[in-house]
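Please read the following points with the sequence and the model side by side.

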Amino acid sequence: MTKILLIGATGYIGGTVLDHLINSEVTSLGGLTFDLLVRSKDAIEKLNRAYGDRIKPILWTGFADLPFITDTSTNYDIIINAGTGFMLDGTKALIHGLTRRIRPGTPVPWLIHISGCTNLSDCPATQTPYPDREWDDTDGHAVYELLKNEDAQDPYPQRTTEVGVLAAAEETGVQAVSINAPWIFGKGRGLFNKQGVVHILAMRYVLQHGYGYKVNDTANINWVHVEDLADVFVLIVRAILEREDRGVGYIPSGTRGIIFPEVGSMLITQIMQECLDTAFAAGVLPREDTPKEKEIRFVGVQEIADELMGGLVEVADRLAGHMKMKGTTARRLLGWNPTRLDEARLQDYVDTLELLKNGQVLDTLQKCVGK
């Protein structure tokens, strides 16, 4: 029986991935149990009540406990890190543990790692902008080399982690693939955090100020619904379990192992405009102290970082950049067919507005990056 460990079960992405894995009706997943690294006893109790004998929670203190991570990961054939892409040492410890499983007659172990599109950004507020640049996962190795070279000049924790983990896997023989996700929206299916962050941060700013913000007119981003994203993780697990080659040589891995699970692209100003459209349509705006017409104003990166992102200037700078991606690998190799499209994306503004009115949101971006 294949042993699978999932990190991030109490999070937005990981909780949705876990729910999709457990509720899948395909034969290859039906009899599996999933071990989970969880930080609190209360969360363990809630997970046990919901999923019963389909899961085995394991209490841990987080990515800083490197010996624990290395020793624990040695026990698994597949590890899904759907928790955070910002912890290099902890994620490399997963690779080190999996390396111990490589021996004759034993299936090569896999790491499925979450990362994000800010790794691709050109940071136009502080560096040369490339508004027409588009990254393509058809040649994952070329993307890896570009990320490695850019990180050597301008280190960024999430990108450093993605590059470092894939390189470590290449060197050791562990199979590893990075799911480099765009802006994620929609209601999650997990038991805990069910909300994305981009819509919330954008809508919160619009409601507080009565207008939208922009650092430039050309910043762009791609998008995917959290459930369609979770399907990519499930399809990769299925390919490993169902294929005779266990996905080796089929699913891109190591320094080729970057997949873009994107559905469409848009300008950051379009996100702001759709936030304004939603707030005005709901009668929340305008107020007496706000502009009477829909406006998007130029705002500095530092202000955005301080107000919305807990002071994380390096993230705010990248979210003001150009990070357009083209993803074909998941569709071509895994048969990924995202179904939550523009209608679901527009509905999410309405849902986000209700969450903000009820005070049911994250405080800052810090909680999403594991800070």
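1. In strand β3, I55 is the bridge partner of F34. Strand β2 (residues 34-38) and β3 run parallel and are joined by five bridges. Two strands count as paired if DSSP finds at least two bridges between them. Helices (H or I, at least four residues) and strands (E, at least two) are DSSP runs, numbered from the N terminus.

2. Before going further, please note that this is a predicted model, in which local features need pLDDT of at least 70 and side-chain atom pairs count only at pLDDT 80 or more, while totals for chains, interfaces and linings use all residues. Residues are numbered from 1 along each chain as its sequence is written, and side-chain values use heavy atoms, with hydrogens and water left out.

3. Strands β2 and β3 belong to an open sheet of seven strands, with the order β3-β2-β1-β4-β5-β7-β11 and parallel pairing. At the edges are β3 (55-59) and β11 (258-259), each of which pairs on one side only. Helix α3 (residues 41-51) packs on this sheet and touches β2 and β3; the direction of α3 makes about 180° with that of β3. Contact means heavy atoms within 4.5 Å. Axes are lines fitted to C-alpha atoms, for helices over the stretch in contact, and angles run from 0 to 180 degrees between N-to-C directions.

4. Another open sheet is formed by three strands in the order β8-β10-β12, with mixed pairing. Its edge strands are β8 (183-185) and β12 (264-267); each has a single partner strand, so one side of each is left without a neighbour in the sheet. From one strand to the next, the twist averages 40°.

5. Which sense of pairing do β10 and β12 show? Strand β10 (residues 220-225) pairs with β12 in the antiparallel sense, over four bridges. Within this pair, W223 stands opposite G264 of β12. Helix α14 (residues 342-358) packs on the sheet, where it touches β8, β10 and β12, and its direction makes about 75° with that of β8. Helix α9 (residues 226-242) lies across β8 and β10 and runs at about 75° to β10.

6. Next come the helix pairs. Two packed helices are described by the angle between their axes and the distance between the axes. For helix α5 (residues 88-99) and helix α7 (residues 157-172), the axes come within 9 Å and cross at roughly 15°. The two helices are therefore roughly parallel to each other. On this scale, angles under 35 degrees count as roughly parallel, over 145 as roughly antiparallel, 65 to 115 as roughly perpendicular and the rest as oblique.

7. The crossing of α5 and α7 is right-handed. A crossing is left-handed if the near helix is turned anticlockwise from the far one by less than a right angle, and right-handed if clockwise. L88, T91, K92, I95 and T99 of α5 meet residues of α7, including T160, G164 and V165.

8. Y144, L147, K148, E150 and D151 of α6 meet α7 residues, among them R159, E162 and L166. The contact of α6 with α7 has five nonpolar, one polar and five charged residues.

9. Helix α8 (residues 198-209) packs against α14 at an angle of about 60°, with the axes 10 Å apart. That makes α8 oblique to α14. The crossing of α8 and α14 is right-handed. The contact involves H199, I200, M203, R204 and L207 of α8, together with α14 residues including R345, D348 and Y349.

10. Two backbone details in loops deserve a check. The peptide bond from L285 to P286 is cis, with omega near 0°, and P286 is placed in the loop between α10 (268-281) and β13 (296-298). C123 has a positive phi of about 55° although it is not a glycine; C123 lies in the loop between β5 (110-116) and β6 (135-136).

Technical notes: Ala, Val, Leu, Ile, Met, Phe, Trp, Tyr, Cys and Pro count as nonpolar, Asp, Glu, Lys and Arg as charged, and the others, Gly among them, as polar.
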